[in-house]
Amino acid sequence: MKINISKLGLKKKSAEVKTTVKVVNEATALQIMMLKMDKMQLDTDADPLTVMEQTQKAVTAMTNFIKAVLKLSEKDLDTVMNAVTMDELSDFISYVLARIQGLSEEQWQETLKENSEEEDPKK
């Protein structure tokens with residue numbers, strides 16, 4: 001499947017990703033890590049140092065994931081890391097994970113549209 005990577009600050013605008021068993025397994029492992037991270041951040045009793053360490057591990061896991069799945073070079077990954085914010089990286093990871101799970105580009109765009117409408121109190 002073709003993944004739109006235009007928001008990563010690279011010259012290349014798309015990447016071909018084959019949803020192999022390994023890619024799906026890595027995507028699932030990353031989602032589990034991200035859910036655990038979210039849970040830990042919501043825990044008011046969580047040790048701040050542990051939260052920070054786990055956040056760093058999550059960022060490393062996310063960047064390693066996009067590097068592997070999109071077949072980026074170290075130079076490309078460095079470009080990405082200098083071009084995007086944490087929110088943009090997180091949004092992009094969500095997009096890639098959704099695509100790997102079977103959402104089409106059109107379905108993803110529709111999901112974004114629905115989410116923005118829910119967040120907009122004027123509608």
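A residue counts as buried under 20% relative accessible area, as exposed over 50%, and as partly exposed in between (1.4 Å probe, protein chains only). The model is predicted: local features need pLDDT of at least 70, side-chain atom pairs count only at pLDDT 80 or more, and totals for chains, interfaces and linings use all residues. Residues are numbered from 1 along each chain as its sequence is written, and side-chain values use heavy atoms, with hydrogens and water left out.

**Whole chain**

Start with the chain in cartoon view. Five helices and two strands are present, in the order β-β-α-α-α-α-α from the N terminus. Helices (H or I, at least four residues) and strands (E, at least two) are DSSP runs, numbered from the N terminus. The C-alpha trace spans about 45 × 40 × 30 Å along its principal axes. Of the 123 residues, 28% count as buried.

Switch to a surface. The chain exposes about 8,500 Å², with 54% of that supplied by carbon and sulfur atoms; accessible areas come from the Shrake-Rupley method with a 1.4 Å probe, and for residues only the protein chains shown count as cover.

Colour by charge next. There are 17 positive and 21 negative side chains, and the centres of the two sets lie 9 Å apart. Lys and Arg count as positive and Asp and Glu as negative, while His and the chain ends are not counted; each charge is placed at NZ of Lys, CZ of Arg, CG of Asp or CD of Glu.

**Helix α1**

Select residues 21–42, which form helix α1. Its 22 residues reach 32 Å from first C-alpha to last, close to the 32 Å expected at 1.5 Å a residue; the expected span is 1.5 Å times one less than the number of residues. Show side chains for Val23, Ala27, Leu30, Met34 and Met37, the buried residues of α1. Look down the axis of α1: these buried residues fall within an arc of 85°, so they line one face of the helix. The arc is that of the directions from the helix axis to the C-beta atoms. An α-helix has 3.6 residues a turn, so residues three or four places apart point the same way.

On the other side of α1, select Val21, Asn25, Leu35, Lys36 and Lys39, which are exposed.

**Helix α2**

Now select α2, whose 23 residues reach 33 Å from first C-alpha to last, close to the 33 Å expected at 1.5 Å a residue. Its buried residues include Val51, Met62, Phe65 and Ile66. Their cover includes β1 (2–4), β2 (14–16), α1, α3 and α4.

Zoom in on Thr63, also in α2. Thr63 is buried, at 7% relative accessibility. Leaving aside neighbours within four places in sequence, Thr63 is in contact (heavy atoms within 4.5 Å) with Leu77, Met81 and Leu89.

Step to Lys71, in the loop between α2 and α3 (74–83). Lys71 has a positive phi of about 55° although it is not a glycine. Most residues other than glycine have a negative phi. Lys71 is exposed, at 64% relative accessibility.

Finish at Ser90 in helix α4. At 27% relative accessibility, Ser90 counts as partly exposed. Draw a C-alpha to C-alpha distance from Ser90 to Leu103: the two are 13 residues apart in sequence and 17 Å apart in space.
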